[in-house]
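Try each task yourself before you read its solution.

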Amino acid sequence: MTASTHADYLTQVPTLSLKQYIDGDVNQRQEFTADLFRGLRQFGFIILKDHPIQQTLLDTAYEKSRVLFSLPESKKLEFLCHEGGGQRGYTPFGKEHAKDSTVADLKEFWHVGRDLNPGETYYDQYPKNIWPEEILGFRKTFSQLYSALDDVGRIMLQALTPALDLPSDYFDRLTLNGNSILRLLHYPPIPEGADPHAVRAAAHEDINLITILVSASASGLELLDRQGQWLPVEAEAGQLIVDAGDMLSRITNEVIPSTTHRVVNPQDGQNVSRYSMPFFMHPHPEATLSCIPSCVGTGAKYPDISSQNFLMQRLREIGLI
């Protein structure tokens, strides 16, 4: 691997400019790659500014999300998806739990997946999106946001390839028509009588390659650093938070570890709804999660597995199938 040139240790999650990579010269792009690799190795997280997603799109998406979750529960339940572990449409409050946890998270969410045309690869394998016609512009807004986050995800993964001694198109081939998911999250005010052990999102690691998280409407996100301390992750409005998931950790032989994170309950006097929008970047179902040669070291820690089998295994562990 070539991007481990920074000897100094970071004291906080770094903020990187995507414009530096997109528009920069060779040296600026190399610096971005080194900083990205270092941030993911040390924290599993980086914050991204100067990205191409328009603030007006992000604002509209949050507005539509608030309208969606304000619908009556009976109406939201009409949008349940009964295939693929809830990979489309509505998943009700109290359904999902963290791996190895017996207490459900205090959240409800909605999934938007990839829209493919008949004849495109995986068209028959992916559930079809569910679009609530009651919300004007919902489909247009979240189709645009999905596409924009997908583009950013591909750029971020491409930026990692020099650090991992990979061809520049390695992740492009892995994620072409990938099973990525945009999740609209609503954490309602903590209800009276809630299980005292329940939190908005219990400590967990993401399943996928990377997650791109649109800066949330309120604080609460924390990561567990390599010294075992919980650190708040704060981003300015419009910035994106990027973290490494289990799939990336697996194929890098834990050179880039996935980082445990959680969303804690609000403090007294701040018990209001919290909205968030993570984009989970997944490979296509036929991709093989295999140890990257530059990361093998003294031996691969995990056997090869298809991305689809790994996904289904993890969805069972968190109670979605």
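**Exercise 1. Find the order of the strands in the four-stranded open sheet, and say which strands lie at its edges.**

Solution. This is a predicted model, so you are working with computed coordinates throughout.

Step 1. Walk across the sheet: the four strands come in the order β6-β11-β8-β9, and their pairing is antiparallel.

Step 2. Look for strands that pair on one side only; these edge strands are β6 (201-204) and β9 (230-232).

Step 3. Going from one strand to the next, the twist averages 20°.

Step 4. Zoom in on one pair. Strand β8 (residues 221-224) is joined to β9 by three bridges, in the antiparallel sense. Within this pair, L224 has W230 of β9 as its bridge partner.

**Exercise 2. Decide whether strand β10 is enclosed or open to the outside, and find the strands it pairs with.**

Solution. Step 1. Recall that a residue counts as buried when its relative accessible area is under 20%.

Step 1. Apply this to β10, residues 240-244: five of its five residues are buried, so the strand is largely enclosed by the rest of the structure.

Step 2. Now sort the side chains by direction. In a regular strand the side chains alternate between the two faces of the sheet. In β10, L240, V242 and A244 point one way while I241 and D243 point the other way, and all are buried.

Step 3. Turn to the partners. Strand β2 (residues 45-49) pairs with β10 in the antiparallel sense over four bridges, and here F45 has D243 as its bridge partner. Strand β7 (residues 210-214) also runs antiparallel to β10, joined by five bridges; across this pairing, V242 stands opposite I212.

**Exercise 3. Locate H284, decide whether H284 is buried or exposed, and list what H284 contacts.**

Solution. Step 1. H284 belongs to the loop that links β12 (274-281) and β13 (288-289).

Step 1. Check the accessibility: H284 has a relative accessible area of 12%, so it is buried.

Step 2. Look at the surroundings, leaving aside neighbours within four places in sequence. The contacts of H284 include Y122 and Y126, the run R173, L174, T175, L176, N177, G178 and N179, and also S307.

Step 3. Just after α8, G319 has a positive phi of about 85°.

**Exercise 4. Classify the aromatic pair of Y170 and F171.**

Solution. Step 1. A pair of aromatic rings is described by the distance of the centres and the angle of the planes.

Step 1. The structure holds eight aromatic pairs. For Y170 and F171, the ring centres are 5.1 Å apart and the planes stand at 90°, so this pair is edge-to-face.

Step 2. Check the accessibility of both residues. Y170 is buried at 17% relative accessible area, and F171 is buried as well, at 2%.

Step 3. For another aromatic group, find the cluster formed by F79, W110, W131, F138 and F142.

**Exercise 5. Describe the surroundings of F32.**

Solution. Step 1. F32 sits in helix α2 (residues 26-42).

Step 1. With a relative accessible area of 1%, F32 is buried.

Step 2. Not counting residues up to four places away in sequence, F32 touches L16, S17, L18, Q20, Y21, L48, M156 and A159.

Step 3. For a sense of scale, take Q313: F32 and Q313 are 281 residues apart in sequence and 34 Å apart in space, C-alpha to C-alpha.

**Exercise 6. Work out whether the radius of gyration of the protein chain agrees with that of a compact globule.**

Solution. Step 1. For 321 residues, a compact globule would have a radius of gyration near 20 Å.

Step 1. The protein chain has 19 Å, which agrees.

Step 2. The chain has eight helices and 14 strands, and its C-alpha atoms fill a box of roughly 55 × 50 × 40 Å along the principal axes. Of its 321 residues, 54% count as buried.

Terms used: Residues are numbered from 1 along each chain as its sequence is written. This is a predicted model: local features need pLDDT of at least 70, side-chain atom pairs count only at pLDDT 80 or more; totals for chains, interfaces and linings use all residues. Side-chain values use heavy atoms; hydrogens and water are left out. Buried means under 20% relative accessible area, exposed over 50%, partly exposed in between (1.4 Å probe, protein chains only). Helices (H or I, at least four residues) and strands (E, at least two) are DSSP runs, numbered from the N terminus. Two strands pair if DSSP finds at least two bridges between them. Axes are lines fitted to C-alpha atoms, for helices over the stretch in contact, and angles run from 0 to 180 degrees between N-to-C directions. Contact means heavy atoms within 4.5 Å. The radius of gyration is taken over C-alpha atoms; the globule rule is 2.2 Å times the number of residues to the power 0.38. Rings of Phe, Tyr and Trp (its six-membered ring) pair if their centres lie within 6.5 Å; planes under 30 degrees apart count as stacked, over 60 as edge-to-face and the rest as tilted.
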